[in-house]
Amino acid sequence: MRVAGLDRSPAMLKRATRKGQYTGLAIGDVVRAPFADARFDLAISVLAACHVADINAFYGEAPRLVRPEGYVVLVDYHPFILVRGIPTHFKTEAGAQLAIENWVHFLEDHVAAARTAGLALLEMRERIVRPRLDTRQAGNERYRERARELRHGLAAPIDRIVVTRNRLPRSIDHVRPVYYVETKWIHAASGHGGDLHQDERVDSMNELKTQRPRFRGYAPEEDNPVLETLLAHRSVRAYKDAPVPEKAVDLILEAAIRAPTSSNLNSYAIVVIDDRDLLEKMYAVCGKQPFVAKCGVLLVFCSDISRHVHVCAKRGYPYRGDQINTLFVTHGDAILACQNAAVAAESMGFGTCMLGNVRNDPPAVSDLLALPRYVFASVGLAIGVADEDMGLKPRMPRRVMVSRNRYSSEHMEDGLAEYDETMRLTGCYLGRREPLNDVDPDFEDHFTDETYGWIEHTARRLGGKNQFERRNFGAFLDSKGFSRR
Ligand SMILES: Cc1cc2nc3c(=O)[nH]c(=O)nc-3n(C[C@H](O)[C@H](O)[C@H](O)COP(=O)(O)O)c2cc1C
C-alpha cells in the first residue's frame with residue numbers, strides 16, 4: 001500500500017517522516033494538493049479543515065483526489081469546541097503555548113460544501129472524549145485530571161492555555177466533551193452514498209424522544225451526556241453580548257415544562273425576559289447583580305395558583321388549597337422547572353445562573369412583570385453565552401450530606417472543618433468577606449485570610465442584618481393570596 005502525506009509546514013513533514021508510515025510526503029496546501037486526479041482510494045483529512053478559511057475550496061479539492069469509488073474521510077474538531085474559543089494549540093520547544101488560527105465551519109457548512117462538490121455522506125460521528133477512554137491513552141493527563149474532577153466534584157478548571165491570537169478569547173474554557181467530528185464521504189455519482197436528503201431528515205429532538213430506548217437499566221459503558229452536563233455545572237455571572245437563539249430558548253422552555261409537577265397541578269408560570277430595558281429594570285430590583293442586565297435572556301419562574309383558584313370558581317367549588325403546603329407545592333414546581341431549564345441550557349453550551357434575588361423586592365418584580373394575584377416570582381434563571389468560567393464550586397463532603405437509611409450528623413464537625421478549608425483554598429472569600437454588621441463597631445475581626453472560610457462566612461451571612469431584608473416576604477405573600485396557615 002502506498003500512503004502519501006501532505007502538510008503546509010516542513011516541521012510537520014519532518015515529524016511525519018519519523019513515523020515511517022508514508023511512502024511519499026509533499027509540502028502543499030490542502031485546497032491545492034500537488035497530486036494527480038483520482039490518484040487515491042482514500043483521502044483522509046485530519047484536523048486540517050478547521051484551519052481552512054474557505055470550506056468550499058476544501059471540499060472542491062478532496063473528491064478530485066480520489067477515484068470514482070474512493071472515499072473521503074474527515075476528522076476535525078467539532079465546531080462546538082471551536083465556537084467556545086478553544087483553539088488548536090501546541091507547545092513550542094521553549095514550552096510556550098501557541099494557538100493556530102481556526103475557522104469555525106458548522107456541520108451544515110460541511111454538508112452543503114461537500115454536496116456541492118458532488119459527495120454523498122456515508123457516515124457521520126460526533127465523537128465525545130470519555131474520561132474512561134482518555135485515561136487509557138498516553139499524553140491525555142489533562143483528561144485524567146478532568147475525570148478525577150468529575151468523580152470528586154473538585155474545583156479548578158483544567159487546561160488553561162495562553163492564546164496568542166487576539167481574535168480568539170483570552171483564555172479557554174474547560175475542555176468540553178464534544179470534541180471531534182468524523183465524516184466519511186463517497187462520490188455521489190458512484191451511487192453508493194446514503195446522503196441525508198432534506199426530505200428524509202429526521203427532526204433531531206423527535207428522534208431523541210422516539211428512538212432512544214427508555215428504561216433500559218444501568219449501562220455503565222454507555223455515553224451519558226446528561227450526567228456530564230450535571231457534573232460540570234457551575235454558575236456563570238458574566239455573559240458575552242450575544243443573544244440566545246429563539247430555537248434554543250424554545251427547547252429550554254420545552255425541557256423546563258417536562259419537569260415533574262406535583263399532582264400534575266402545573267402550578268407555575270414562566271416569564272421570558274429578553275427586553276433589554278426590562279432586564280435593566282430587573283437588575284435594579286434584583287440585588288443589582290450586573291449579569292442580570294447582561295444575560296441573553298432571563299426566565300422568571302413564578303409560583304402560580306391562579307389557574308387552580310380559577311377552575312374551582314368555574315366549577316362552583318370552594319378553593320381549599322389556601323394553606324402553607326400549597327406554597328411548598330407551587331414553589332417546588334417552579335424550582336424544578338427552573339433546574340430543568342438550567343440543565344437544558346447548559347447542555348447546549350450556555351452559561352446559567354439562578355436568581356433568588358427576584359425575591360429581594362417582590363412588589364417591584366411583581367409590578368415589572370405584571371404578576372396578578374395568586375402569582376409571585378420564585379426564582380429567575382439568567383442564560384447566556386458565558387464570558388467567565390469560575391470552575392466547579394466545591395460541595396460539602398458527601399459524608400456530611402448523605403446518610404443511609406437514617407439521618408446522621410456523625411460527620412458534621414470534621415466534614416464542616418474540611419469544607420471550610422476547601423472553600424477557603426479556592427480564594428473565593430479574599431476581599432469578599434461578609435460584613436460584621438451586627439456587632440459592636442469596636443469589635444476586631446480576628447479572622448485572617450488563613451482562617452476565614454465557609455463556616456465564618458456562612459455564619460456571618462446568616463447572622464447578619466441583611467437577613468431582615470426579606471422579612472416582609474410573608475406579608476407580601478398574604479397580599480398575593482398565598483395562605484401561610
Ligand atoms: C434557588 C437559587 C437561587 C440563587 N440565586 C442566586 C442569586 O440571586 N444570585 C447569584 O449570584 N447566584 C444565585 N444562585 C447561585 C448560587 O449562588 C450557586 O448555585 C452556588 O453558589 C453554588 O455555585 P455553583 O452553582 O457555581 O456550583 C442561586 C442558586 C439557587 C439554587
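Leu251, Ile252, Ala255, Ala256 and Ile257 of helix 9 meet Ala337, Asn340, Ala341, Ala344 and Ala345 of helix 13, a contact being C-beta atoms, placed from the backbone, within 7 Å. This contact comprises 9 nonpolar residues, 1 polar and no charged. The model is predicted: local features need pLDDT of at least 70, side-chain atom pairs count only at pLDDT 80 or more, and totals for chains, interfaces and linings use all residues. Residue numbers start from 1 along each chain as its sequence is written.

Two packed helices are described by the angle and the distance between their axes. The axes of helix 9 (residues 246–257) and helix 13 (residues 324–347) cross at roughly 140 degrees and come within 7 Å.

| Nonpolar core | Residues in core | Members, among them |
|---|---|---|
| Largest core | 46 residues | Val292, Phe301, Cys302, Ala341, Leu381 |
| Another core, apart from it | 21 residues | Ala49, Val72, Leu119, Trp185 |

A nonpolar core is a set of buried Ala, Val, Leu, Ile, Met, Phe, Trp, Tyr and Cys residues joined through C-beta atoms within 7 Å; buried requires 20 or more other C-beta atoms within 10 Å of a residue's own. In the largest core, the residues with the most contacts inside it include Ala341 and Leu381. Not counting residues up to four places away in sequence, Leu381 touches Ala341 and Phe301, among others.

Helix 12 (residues 306–315) lies largely in the open, because 0 of its 10 residues are buried. Gly316, with a positive phi near 75 degrees, follows helix 12.

Conventions: Buried ≥ 20, exposed ≤ 12 C-beta atoms within 10 Å, placed from the backbone. Contact = placed C-beta atoms within 7 Å. Helix = DSSP H or I, 4+ residues; strand = E, 2+ residues; numbered from the N terminus. Axes fitted to C-alpha atoms, helices over the stretch in contact; angles between N-to-C directions. Nonpolar A, V, L, I, M, F, W, Y, C, P; charged D, E, K, R; others polar.
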